[in-house]
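Try each task yourself before you read its solution.

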Amino acid sequence: MKNLKIIFTFLLFLLFSFGNAQKIGVVDTDYILNKLPQYKEAESRLNSQIDTWQSELQNLQSEYEKKRSAFENERVLLVGEQLKLREKEVMDLEKNVKTTTSLRFGANGEITKLRTNLVQPFQDQIWNAIKTMSEKNGLGIVLDKSNNVNVIFLQKRYDYTDKVLDILLKDTEKDKKNSAKSKK
């Protein structure tokens, strides 16, 4: 009789724990971002701006190198104020190169800010689509395998990336239709 109570308690515990188990899903946000045409357009605009800034910086760097080289070659011939003036000119150019590099390409530079502003609206859309999909499929936890989550093995039925992408693309089509109607 005592064994029967222990077995019954154990079975109740097992049933209760299975009933409260969380369903887990996995999504790849990088894959989703790369499938969104609006993101690709915005990213190409950003890359174009980065290319422009890089060429400007290269021009500034080559100007500095020319002035520094010319100064080093003529240093022996310069005296007094001329020497100080040319040295200050070279130092100002070097400072300008460093400042421009830091402002545009540094950790808190313009590129970082632009990239954050570019990605943020798409991340918000993806988050909302993930929320909708997880509520629809009864998921308690959704992992993003593109953000340093090591997924060693994943059965296709737990990968909800395509479902999130479908939600996003449907929303995009609705937005296009609404904007086309409002233009008429």
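**Exercise 1. Count the salt bridges.** How many salt bridges does the count come to?

Solution. Start with the rule: a salt bridge is a side-chain nitrogen of Lys or Arg within 4 Å of a carboxyl oxygen of Asp or Glu. By this rule the count comes to nine salt bridges. Before you go on, a word on the source: this is a predicted model, where local features need pLDDT of at least 70 and side-chain atom pairs count only at pLDDT 80 or more, while totals for chains, interfaces and linings use all residues. Residues are numbered from 1 along each chain as its sequence is written, and side-chain values use heavy atoms, with hydrogens and water left out.

**Exercise 2. Look at some pairs.** Which residue does Lys88 meet in a salt bridge, and where do both lie?

Solution. Step one: the partner of Lys88 is Asp92, at 2.9 Å from N to O. Step two: both sit in helix H4 (residues 80-105), four residues apart, about one turn of the helix. Helices here are DSSP runs of H or I with at least four residues, strands are runs of E with at least two, and both are numbered from the N terminus. Step three, check the surface: Lys88 is partly exposed because its relative accessibility is 48%, and Asp92 is partly exposed too, at 38%. The cut-offs are under 20% relative accessible area for buried, over 50% for exposed, and partly exposed in between (1.4 Å probe, protein chains only).

Now try another pair: Glu72 bridges to Arg75, with the closest N and O atoms 3.6 Å apart. Glu72 is partly exposed at 40%, and Arg75 is partly exposed at 34%.

**Exercise 3. Read the fold.** What pattern does the protein chain follow along the sequence?

Solution. First tally the pieces: six helices and two strands. Then read them in order, and you get α-β-α-α-α-α-β-α. Finally, look at burial: buried residues make up 23% of the 184 residues.

**Exercise 4. Check an annotation.** What is the chain like over residues 43-74?

Solution. The record comes first: UniProt, in an unreviewed entry, places a "coiled-coil region" at residues 43-74. Such annotations may be inferred rather than shown by experiment. Next, the model: this stretch is 100% helix and 0% strand, and its end C-alpha atoms are 46 Å apart. Gln49 is found in helix H3 (residues 37-74), and is partly exposed at 30% relative accessibility. The C-alpha atoms of Gln49 and Leu114 are separated by 9.8 Å, though the two are 65 residues apart along the chain.
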